[in-house]
Amino acid sequence: MDAKYFKEKVQSLGLLLDEDQLIKYDRYKDLLKRANETMNLTAIDDDEGIYEKHFFDSLLSVRYFKYDGELCDVGSGAGFPGIVLKIAYPELAVTLLEPLQKRCRFLNSVIDDLGLKKIKVVNERAENYSEGRERYDIVTARAVKSLDILSELCIPLLKVDGHFVILKGSSGLKEIEEAENALKILYAEKERIYEDHLPSGDQRVIAIYRKTRATNSKYPRHYSMIKRRPL
């Protein structure tokens, strides 16, 4: 996927990118490739792969969900989907929550280089981020952690009536089934589940949950407990 095809495919999602946004994505790609030479940000660092499996993949959910208000990207890593969504929606307020300091430095360098506003990086683990509790309209994550673990890290950060937007690969439907009890305990009500594909054919699952009640104060637990005994 090159920049031209990326623009066309994003338009098919209902999102029209202008020239400035396309320049920002191209610059972001270059910054990612350069940084990846000295730090382990991503295993996918060719131009085509970045455009499809990082940028387009991060935007696939816009076909089904409108992003506005304040968003928290949990475990942001190299900025997926948080920075990708921020470029697409300049008015979206974004928090990139990332526990590794070296990745935070990279994220801040991208924000400065691209001149992005209303976006901040927080160097903190999700289970320790008390300042963000019950604060966000949207919480999302594009993480490798299983959904039963991820739910306990993400949902406490949501306002009541906020949305948890789950971005998963081919294992998504199985993970959603396995996380049913955790989602129920955390008062996350399923709105819709969508199955989609990248242009290359890779399966994606996008699930949207709405938080119906405030999270019990005992959640999230310490990460070692979350991992040892998922809800």
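Residues count as buried under 20% relative accessible area, as exposed over 50%, and as partly exposed in between (1.4 Å probe, protein chains only). The model is predicted: local features need pLDDT of at least 70, side-chain atom pairs count only at pLDDT 80 or more, and totals for chains, interfaces and linings use all residues. Numbering runs from 1 along each chain as its sequence is written, and side-chain values use heavy atoms, without hydrogens and water.

By the accessibility cut-offs, Asp47 is partly exposed, at 27%. Lys33 is also partly exposed, at 29%. Their side chains meet in a salt bridge, 2.6 Å from N to O. A salt bridge here is a side-chain nitrogen of Lys or Arg within 4 Å of a carboxyl oxygen of Asp or Glu. Lys33 lies in helix α2 and Asp47 in helix α3, so the pair ties together parts that are 14 residues apart in sequence. Helices (H or I, at least four residues) and strands (E, at least two) are DSSP runs, numbered from the N terminus.

A further salt bridge joins Lys29 to Asp26, with the closest N and O atoms 3.5 Å apart. Both residues lie in helix α2 (residues 19-35), three residues apart, about one turn of the helix. Lys29 is buried, at 4%, whereas Asp26 is partly exposed, at 33%. Asp26, Lys29, Asp30, Lys33 and Asp47 are linked in a network of salt bridges. The structure holds 21 salt bridges.

Nonpolar cores were also examined. A nonpolar core is a set of buried Ala, Val, Leu, Ile, Met, Phe, Trp, Tyr and Cys residues joined through side-chain atoms within 4.5 Å. The largest has 51 residues. Phe6, Tyr25, Tyr28, Leu59, Tyr67 and Phe106 have the most contacts inside it. Beyond its neighbours within four places in sequence, Phe106 is in contact (heavy atoms within 4.5 Å) with Tyr28, Leu31, Leu32, Ala35, Met39, Leu41 and Ala78. A second, separate core has 32 residues, including Tyr136, Leu147, Ala179 and Leu183.

The side chains of Arg210 and Glu189 meet in a salt bridge, 3.3 Å from N to O. Arg210 lies in strand β7 and Glu189 in strand β6 (residues 188-197), so this pair ties together parts that are 21 residues apart in sequence. Arg210 is partly exposed, at 22%. Glu189 is partly exposed too, at 41%.
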